[in-house]
Amino acid sequence: MMLPTIDIALRGATVALLLVLAASLFRGFGTALAGRLAAAFALGSAAHAVSYSIGATSPAPIAHAPVLALSTGNVVVFWLFTRALFDETFRLRWWHALVWAAVAAFSFVNCIWIAPASGARLSIIAINLIALGFIALAVTQTVASWPSDLVERRRSVRVFIVSAAALYGGLNAVLQIAMSGSGGAEIANTVNLAVLAAVVSAICYAMMRVDGADLFPAAPEVQAEASEAAVVESGADQKLIDALMRLMGDERIYRHDNVTIGTLATKLGTPEYRLRRLINQRLGYRNFNVFLNEHRIAEAKAALADPSQAEVPVITIAMDAGFQSLGPFNRAFKAITGVTPTEYRRLKATAA
């Protein structure tokens, strides 16, 4: 009798915290894509807290299917949230909605038809393998983009938030697969709920201690204005910025392969953390790749507008500017200028 009571108490407390967190995120950061996705992820996590059960031996009631579908689809929201949180250039596309709908629909169909026909164990394994796949994708992309993050607080807080969520999600999926149809499920459920409640509480605590602007950036156009209006302090910082601009403008180091913040710091003879902070706080950039790409795009724009280079292929201009392939160049160029490189060249030729 004790475990069911604790189970209900933990579920109730976790759902309440998640609903408050979702409302707070939407109210405070609803204008930012990452803020909206964070609120959606909190709501989906509430559905997960209500619906999941480790070690189930029979299919879930049909009435629970919509909640289970939202819970399963939340792993897609988690993946999209991490993309938006750590990549200011990320935008939602129509196919993202299709991915979410496909996962949620599979979960719904699983509850209504597949699980009753083939048994709960096979159904649970299939759902949790999907969850593990998206968690692995989110973690891989987060780790890969970590070196280019220039926001110090976000660099540390993101490790905590994503690691906690991914660890719980991964552990939960493994437990679901391993203990499906086995004994000890009641204890595992209570322990799992306690871990979830602890993770949610820790995230809420972290959100109260960190400036939300570090986690949920303003829109790119606002950042660009801030970058242009940034006033560089005099003294040592000014000298370092002058040296950095010489590297970018005279040596065009952005053209080199695999340029990192560490590469620039070594050439400038300064600690990496100091250069990262300078580019972020003094020049207004939140991501090192965005900083590099703006210099690359500036060179590409000049080449595309140059009548003497009218016959030079776009791919050649892209690679001369430091891009490794045409796809990333086209996306970066359009994100900054609003048009494709070919359209930009045509517009400049028409205006000439």
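Two residues are in contact when heavy atoms lie within 4.5 Å. In this predicted model, residues 24 or more positions apart account for 75% of the contacts with a separation of 6 or more. The protein has 16 helices and zero strands. Of its 352 residues, 46% count as buried. The accessible surface comes to about 17,600 Å². Carbon and sulfur atoms hold 65% of that surface.

Helix 2 covers residues 33–51. At 1.5 Å a residue, its 19 residues should span 27 Å. The end C-alpha atoms are 27 Å apart, which agrees with that expectation. Helix 2 is also mostly covered, with 15 of its 19 residues buried.

Helix 10 runs over residues 236–249 and has 14 residues. From its first C-alpha to its last, helix 10 reaches 20 Å, close to the 20 Å expected at 1.5 Å a residue. Its buried residues are D237, L240, I241, A243, L244, L247 and M248. These residues cover an arc of only 160° around the axis, so they lie on the same side of helix 10.

Y273 has 45% relative accessibility, so it counts as partly exposed. The C-alpha atoms of Y273 and L150 are separated by 8.8 Å, although the two residues are 123 residues apart along the chain.

Aromatic rings were examined next. A pair of aromatic rings is described by the distance of the centres and the angle of the planes. A search of the whole structure finds nine aromatic pairs. One of them joins F41 and F81, whose ring centres are 6.2 Å apart. Planes under 30 degrees apart count as stacked. The planes of F41 and F81 meet at 15°, so this pair is stacked. F41 lies in helix 2 and F81 in helix 3 (residues 65–86), so the pair ties together parts that are 40 residues apart in sequence. Both F41 and F81 are buried.

Helix 3 also carries W79, which pairs with W95 in helix 4 (residues 94–118). The ring centres of W79 and W95 are 6.4 Å apart. Their planes lie at 45°, so the pair is tilted. W79 and W95 are 16 residues apart, and their pair links distant parts of the chain. The surroundings of the two rings can be read from their accessibility. W79 has a relative accessible area of 5% and is therefore buried. W95 has a relative accessible area of 39% and is therefore partly exposed.

Aromatic residues also form a cluster, made up of F323, F329, F333 and Y344. R296 lies over the face of F323, at 5.6 Å from the ring centre. The charged end of R155 sits over the ring of W146, 4.0 Å from its centre.

Note on methods
Residues numbered from 1 in each chain as written. Predicted model: local features only at pLDDT ≥ 70, side-chain atom pairs only at ≥ 80, totals over all residues. Heavy atoms only, no water. Helix = DSSP H or I, 4+ residues; strand = E, 2+ residues; numbered from the N terminus. Expected span 1.5 Å × (residues − 1). Buried < 20%, exposed > 50% of the residue type's maximum accessible area, 1.4 Å probe, protein only. Arc of directions from axis to C-beta. Areas by Shrake-Rupley, 256 points an atom, 1.4 Å probe, with all protein chains shown as cover. Phe/Tyr/Trp six-rings, centres within 6.5 Å; stacked < 30°, edge-to-face > 60°. Lys NZ or Arg CZ within 6 Å of the ring centre and 35° of its normal.
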